[in-house]
Amino acid sequence: MSLVLKNVSKSFVGKQAVDNISLCLEKPGVYGLLGTNGAGKTTTIRMLLGIIKKDSGEITWKGKMVDRKTVNFGYLPEERGVYPKTKIFDQLMYFAELKGMKKQEAEKEINKWAKSLKVEEYLQMPAEKLSKGNQQKIQFMTAVIHNPELVVLDEPFSGLDPVNTEILKNIIIHLVKDGKYIIMSAHQMATIEEFCSDILILNRGKTVLQGNLKEIKETYPANRLEIDVNQNIDSYVKNLELEIENEKNYNYLIKITDEEKARQLLNKIIVDGIKVNKFEIKKPTLNDIFIEKVGK
């Protein structure tokens, strides 16, 4: 085990922000920390980074108590913070030196990351000249430039266009391959599903769901059918009293309550000679599960 939170709590002026939560990161990978606004995610992150003190419980990294002065963590906060009038290179050098890097080493890493994130042309520009997305990439660089063992990413894809989102996704994949531990907090459930094998969902400071995402999904019955055909099958769906959730170019997403009706639909359209390009019975998405757990 590397990062362990055990029975951790925190309150502010009588309000319980985090209530007796526990989690552990046992191996490199991406761990999803989820919850609605005000659920306690940011407070949890700040405690595990040593930014604020917990009221009770235990937080350890590789068996030792977390101390802001000794842990080698990286943090991309949800609240973005670049100095608008300062050149990007100077900002990155400043943060690198704060983490104990020598100038020569820092310059090498700045250039390496700038190339990976495709921001080389902006290094000698003040931050205010950059788009929101490029500022986001610069702030990501400050979180990883010192080669931290654990990286906390709070809404890492906020403000990024699809091209830059793909660049950052590939970088996160490589960080995991390099043995990094990553905690990711995001509101885009599809992104969490793409990266995270394990999740924790908070609601009003309490853990409402925790564990391996694949195993969690296995406890839920299938609730959708995706079927791609070469013609309209609305009448077949209606005859079986099923509901079409979405349809585009004869690709149907259909709500189901049991798998048997999905198979009945397949049999009927095959018998009538309709070509089926895709037939997939689907488990609930993480978005479905999240809404079930905290929607009330």
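Select Tyr83 first. In this predicted model, Tyr83 is partly exposed, at 42% relative accessibility.

**Stop 1: a stacked pair**

Return to Tyr83 and Phe95, which form a stacked aromatic pair. Their centres are 6.3 Å apart, with 10 degrees between the planes. Where do Tyr83 and Phe95 lie? Tyr83 is in the loop between S6 and helix H2 (88–98), and Phe95 is in helix H2 itself. The pair therefore ties together parts that are 12 residues apart in sequence.

**Stop 2: an edge-to-face pair**

The structure holds 6 aromatic pairs. For another of them, show Trp61 with Phe73. The ring centres are 5.3 Å apart and the planes stand at 90 degrees, so this pair is edge-to-face. Trp61 sits in strand S4 (residues 56–61), while Phe73 sits in strand S6 (residues 73–76). The pair links distant parts of the chain, 12 residues apart.

Is Trp61 buried or exposed? Trp61 counts as buried, at 8% relative accessibility; the cut-off for buried is under 20%. Trp61, Phe73 and Tyr181 form one aromatic cluster.

**Stop 3: two packed helices**

Go back to H2 and show helix H3 (residues 103–116) beside it. Two packed helices are described by the angle between their axes and the distance between the axes. For H2 and H3, the angle is about 125 degrees and the axes are 10 Å apart.

Which residues make the contact? On H2, select Phe89, Leu92, Met93, Ala96 and Glu97. On H3, select Lys103, Ala106, Glu107 and Ile110. Colour them by type: the contact of H2 with H3 has 6 nonpolar residues, no polar ones and 3 charged ones.

**Last stop: the whole protein**

Zoom out and switch to a cartoon view. The secondary structure comes to 10 helices and 14 strands. Along its principal axes, the C-alpha trace spans about 70 × 45 × 35 Å. The protein has 296 residues, and buried residues make up 46% of them. Finally, look at contacts with a separation of 6 or more: residues 24 or more positions apart account for 67% of these.

Notes:
Residues numbered from 1 in each chain as written. Predicted model: local features only at pLDDT ≥ 70, side-chain atom pairs only at ≥ 80, totals over all residues. Heavy atoms only, no water. Phe/Tyr/Trp six-rings, centres within 6.5 Å; stacked < 30°, edge-to-face > 60°. Helix = DSSP H or I, 4+ residues; strand = E, 2+ residues; numbered from the N terminus. Buried < 20%, exposed > 50% of the residue type's maximum accessible area, 1.4 Å probe, protein only. Axes fitted to C-alpha atoms, helices over the stretch in contact; angles between N-to-C directions. Contact = heavy atoms within 4.5 Å. Nonpolar A, V, L, I, M, F, W, Y, C, P; charged D, E, K, R; others polar.
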